[in-house]
Each structure stands twice: as structure tokens, then as C-alpha cells.
Amino acid sequence: MDFIEINAASRIPKYKQIIDSIKAGIREQKLLMGDKILSINGFSEKYDISRDTVEKAYTYLRSQNIIASVKGKGYYVAKTDLMVRLNVLFVVNKLSTHKMRIYNALVEALGRANAKVDIEIYHCEPAVFKYILNKRKGQYDYFVIMPHFKDDNLGYMGCTEDTLEVLREIPADKLIILDQDVQNISDQVGKIYQDFTQDIYNALKDSMEQLRKYRKIILVYPSRSVYPYPKEIVRGFKMFCDQTELDHEVLDQIYDSMELQLKDLYIIIQEEDLV
């Protein structure tokens with residue numbers, strides 16, 4: 001870090017000179033993403049500056065996510081785009097039309113704040129999810145996460161203790177959970193989620209007049225899928241049909257040789273089943 005310039009005669013506080021020098025090094029590409037920088041003690045000794053002054057500068061740089069610390073390894077450059085005031089990571093289980101609408105809405109709304117929104121996809125895989133968050137933690141101001149996971153049998157499952165542990169490592173005021181509720185996490189975490197049981201129940205209830213025209217209602221719910229769906233959908237469907245005494249059935253898939261019958265109503269989740 002020979003590019004660091006500290007002018008003892010300047011009236012600019014030394015901690016501010018350290019900050020400005022490191023930022024200049026990043027802008028001039030003398031420091032790149034992931035580059036290691038001097039420790040607080042190392043910086044203090046090399047430039048004959050008090051440890052408290054260096055620590056004050058590093059604390060500010062960390063608060064802006066410009067540098068990050070790794071326990072036992074030191075300090076690293078964590079952000080090179082210094083024009084961006086706010087960095088947001090949007091973590092989703094899969095790409096879909098409605099998820100991209102949410103992403104685009106985030107980009108549009110936060111764009112006015114000079115923010116950058118990155119997207120990561122973990123394909124419902126808990127291991128990939130944990131890898132992404134462990135790799136990205138400390139690099140973003142906010143994390144917007146849709147937590148949907150699958151088990152080894154391609155069935156839907158909620159957060160395991162492993163995934164909860166990774167989520168808890170994100171400061172509560174920097175975490176926003178979307179789409180699916182997560183229990184056993186700080187009350188300070190922002191949440192906007194669906195009630196899958198009540199949502200399908202209410203939708204069917206509002207359509208009761210039309211439903212009475214049919215003899216049987218069939219929900220096509222794939223119990224095994226690359227991108228599985230919350231089991232609460234089936235629970236809400238059965239609850240409604242039991243209460244209204246409507247004949248119903250849950251199918252795992254649409255079969256090639258299936259014979260469609262009059263007055264059967266199909267409720268599908270996967271768009272390809274329409275075809």
C-alpha cells in the first residue's frame with residue numbers, strides 16, 4: 001500500500017486522509033476486489049500513526065462496506081464501485097415472472113437512491129443458499145431473501161437449523177424476508193410474506209358461485225419437483241373443500257393419457273400444465 005498519502009502538516013484529520021487514500025487506491029485500481037490491506041497494527045507501524053486513528057478509519061470503511069474483515073485473516077477490499085451508495089443482494093430460489101417483477105420493482109425504486117441490486121439464484125438448494133450468503137455477507141447493505149427449499153426427495157421443506165444459522169448472521173436491520181415466513185428469527189427482521197393456506201382458501205371462497213357449476217375439483221400439486229411448492233397450498237385446498245363438502249382430489253401430475261371429463265375443474269400451479 002505504497003500509494004497511501006498522509007500529510008502531517010494538513011488540517012485534514014489523519015483518519016480522513018486514510019479513508020481518502022484507500023478510496024483513491026480503489027478508484028485508480030491499485031486495490032481490487034478481494035485484495036488484502038494492512039492490518040490496523042501494520043498500518044499504524046508503517047505510517048507512524050496511532051492505532052486509534054487507523055481503527056477509526058477502518059471502522060468507517062467497514063460501515064460503508066468498502067472493506068471487510070475476516071477473523072484470523074485480516075482486512076480485504078469488499079466494494080470497488082464507490083459511486084453506489086447502497087448495495088442490495090436479492091436472493092431467490094428460482095427465476096419466474098413474478099420474482100422478476102419484484103426484482104425490477106426493487107431496481108426501479110432504489111435506483112433513485114443511487115443503489116445497485118444484485119441477484120443470486122440458489123435453485124431451492126440449501127447448500128447453494130448457504131454458500132451464497134457465506135460468500136456475500138459483509139458485502140451488502142441489505143439482503144432481500146425468498147426462502148424456499150427442497151429436501152433430498154425433491155419435496156418442499158422450510159428453513160433448517162443450518163439455513164437459519166446463516167440468516168441469523170445477517171444483522172436483523174439489514175435483512176428482509178419475502179414470500180415465505182421464517183420462524184425462530186429476530187422480530188427486528190423485515191417480513192412481507194404470503195399465507196399460502198389462507199390465500200388459496202380465500203380465493204376458492206370468493207369463487208364459490210363459479211365452483212358450484214362443477215362436479216369435482218382437482219388440484220394438481222407436484223409433491224416432487226426441482227422447484228417444489230409450499231405444502232400449505234394443499235392444506236388450504238383440502239380445508240376449503242371439506243368445509244364446503246365439495247368433491248375433490250389432489251393429483252401429483254397431469255398424465256399423458258389422462259381423460260378429461262365434463263364438469264371437472266382443475267387448479268394448477270405449474271404453467272406448463274396448461275399446455
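**Close-up views of a predicted model**

**Figure 1. Strands 9 and 10 run parallel and are joined by four bridges.** Strand 9 covers residues 175–179; helices (H or I, at least four residues) and strands (E, at least two) are DSSP runs, numbered from the N terminus. Two strands pair if DSSP finds at least two bridges between them. Within this pairing, L178 stands opposite I192 of strand 10. The model is predicted: local features need pLDDT of at least 70 and side-chain atom pairs count only at pLDDT 80 or more, whereas totals for chains, interfaces and linings use all residues. Residues are numbered from 1 along each chain as its sequence is written, and side-chain values use heavy atoms, with hydrogens and water left out.

**Figure 2. The largest nonpolar core has 21 residues.** Such a core is a set of buried Ala, Val, Leu, Ile, Met, Phe, Trp, Tyr and Cys residues joined through side-chain atoms within 4.5 Å. Buried means under 20% relative accessible area, exposed over 50%, and partly exposed in between (1.4 Å probe, protein chains only). The residues with the most contacts inside the core are M1, I18, I22, I37, F43 and Y58. Helix 1 (14–27), helix 2 (40–47), helix 3 (51–63) and strand 3 (74–77) are the elements that give two or more residues to this core.

**Figure 3. Aromatic rings come together in nine pairs.** Rings of Phe, Tyr and Trp (its six-membered ring) pair if their centres lie within 6.5 Å; planes under 30 degrees apart count as stacked, over 60 as edge-to-face and the rest as tilted. The ring centres of F43 and Y58 are 6.1 Å apart and the planes lie at 75°, so this pair is edge-to-face. F43 belongs to helix 2 and Y58 to helix 3, 15 residues apart, and both residues are buried. For Y122 and F129, the centres are 4.9 Å apart and the planes at 65°, so this pair is also edge-to-face. Ring pairs also link F43, Y47, Y58 and Y75 into a cluster.

**Figure 4. Lysine charges sit over the rings of Y15 and Y142.** A charge sits over a ring if NZ of Lys or CZ of Arg is within 6 Å of the ring centre and within 35 degrees of the ring normal. K56 lies over the face of Y15, 4.2 Å from the ring centre. K174 lies over the face of Y142, at 5.8 Å from the ring centre.
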